[in-house]
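Hi there,

Here is the structure I promised to pass on. Please have a look at it first, and then read my notes below.

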Amino acid sequence: MDRNNSTTLVIKDFQGVKIHSFISPYPYAANATHVIETVHELVVVDTQFLNPIAQAFRAYVDGLGKPVNRVFISHGHPDHYFGLASAFSDCKAYSLAGVNQIIEEWGPQMIKNQKPTFGDLIPDAVLVPQHNVAPSTSEVIDGLTYEYEVVEGAESEAQLLIKLPELGTVIAQDLVYSGVHIWLGMGWFEKWAAELQRLADTAGYDYILAGHGLPCTKDEIHNNIRYIQTAQRLLKMA
Ligand SMILES: [Zn+2]
């Protein structure tokens with residue numbers, strides 16, 4: 001282990017609720033997974049990509065000494081859901097119906113594609129979340145309000161965005177990349193920038209949990225918009 005090879009842990013204490021962000025080493029994409037710790041229970045968001053890192057995250061979660069109410073999977077990219085099979089298979093897992101469908105349809109192919117590179121570092125099969133979250137709804141889990149939204153056509157086809165209004169926190173996952181290069185594989189520059197602007201314009205949410213990199217503020221959303229617009233311009237020139 002050295003500086004480049006270490007996991008980063010950020011704990012934000014909201015006086016009664018803690019948000020723990022567990023970030024994989026930067027050479028492994030700085031995947032950010034989170035635990036919301038309320039009085040009696042834990043809620044996990046995303047599960048890491050590689051088995052040993054997912055298992056280290058699980059050991060951290062277990063070390064908090066409270067039961068896991070559920071795991072949310074933000075979207076259908078394997079760096080967010082492979083760890084569900086390798087480290088959280090005993091937990092109830094939730095996502096948008098559309099995301100669950102993407103994982104079911106594309107997950108086996110993702111395993112097949114990645115196996116030659118990663119071998120035993122990834123699971124042999126995917127686990128599809130069995131529970132659906134309805135967008136534009138909210139619920140209270142262990143005293144904390146969770147608001148669910150769908151973001152379409154940004155970093156992925158569809159992703160779950162969760163707001164925690166009492167904490168002024170938004171769990172943006174891969175809508176926002178914090179301090180790392182943005183994955184532009186889908187090429188939906190304008191829609192993505194518009195969704196980021198919409199989030200930047202939403203008052204009352206100043207603690208932003210990214211899907212890669214450290215938790216951040218709205219400054220990073222503006223950086224992301226500039227990054228995406230610059231990439232679009234450069235690609236047009238190429
Ligand atoms: Zn990702």
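Let me start with a definition: an angle of 65 to 115 degrees between two axes counts as roughly perpendicular. Please keep in mind that this is a predicted model.

**The helices**

The axes of H2 and H3 cross at roughly 90 degrees and come within 11 Å, so these two helices are roughly perpendicular to each other. On the H2 side, the residues that meet H3 are Pro78, Tyr81 and Phe82. Their partners in H3 are Ile103, Gly107, Met110, Ile111 and Gln114. Sorted by class, this contact has six nonpolar residues, two polar ones and no charged ones.

H2 (residues 78-87) also packs with H1 (residues 51-63): here the axes come within 9 Å and cross at roughly 70 degrees. H1 and H2 are therefore roughly perpendicular to each other as well. Asn51, Ala54, Gln55 and Arg58 in H1 meet Gly83, Ser86 and Ala87 in H2. The residues of this contact comprise two nonpolar, four polar and one charged.

H3 (residues 97-118) has a bend of about 50 degrees at tryptophan 106, with proline 108 following within four residues. Which residues of H3 are buried? They are Val99, Asn100, Ile102, Ile103, Gly107 and Ile111. Their cover includes H2 and the strands E6 (93-96), E7 (131-133) and E10 (158-164). Just after H3 comes glycine 119, with a positive phi of about 50 degrees.

**The cores**

The largest nonpolar core has 45 residues, and those touching the most other members are Ile36, Phe72, Phe88, Tyr146, Tyr148, Ile162 and Leu164. Apart from this core lies another, of 23 residues, among them Leu175, Tyr177, Trp192 and Tyr205. Leaving aside neighbours within four places in sequence, leucine 164 is in contact with Ile19, Ile36, Leu144, Thr145, Tyr146, Thr169, Ile171 and Tyr205.

**A glycine in a loop**

Glycine 168 is found in the loop between E10 and E11 (169-178). Is this glycine buried or exposed? Buried means under 20% relative accessible area, and glycine 168 has 13%, so this residue is buried. Beyond its neighbours within four places in sequence, glycine 168 is in contact with Gly204, Tyr205, Asp206 and Tyr207. Histidine 75 is 93 residues apart from glycine 168 along the chain, and their C-alpha atoms are separated by 22 Å.

Technical notes: Residues are numbered from 1 along each chain as its sequence is written. This is a predicted model: local features need pLDDT of at least 70, side-chain atom pairs count only at pLDDT 80 or more; totals for chains, interfaces and linings use all residues. Side-chain values use heavy atoms; hydrogens and water are left out. Axes are lines fitted to C-alpha atoms, for helices over the stretch in contact, and angles run from 0 to 180 degrees between N-to-C directions. Angles under 35 degrees count as roughly parallel, over 145 as roughly antiparallel, 65 to 115 as roughly perpendicular and the rest as oblique. Contact means heavy atoms within 4.5 Å. Ala, Val, Leu, Ile, Met, Phe, Trp, Tyr, Cys and Pro count as nonpolar, Asp, Glu, Lys and Arg as charged, and the others, Gly among them, as polar. The bend at a residue is the angle between axes fitted to the seven residues ending there and the seven starting there. Buried means under 20% relative accessible area, exposed over 50%, partly exposed in between (1.4 Å probe, protein chains only). A nonpolar core is a set of buried Ala, Val, Leu, Ile, Met, Phe, Trp, Tyr and Cys residues joined through side-chain atoms within 4.5 Å.
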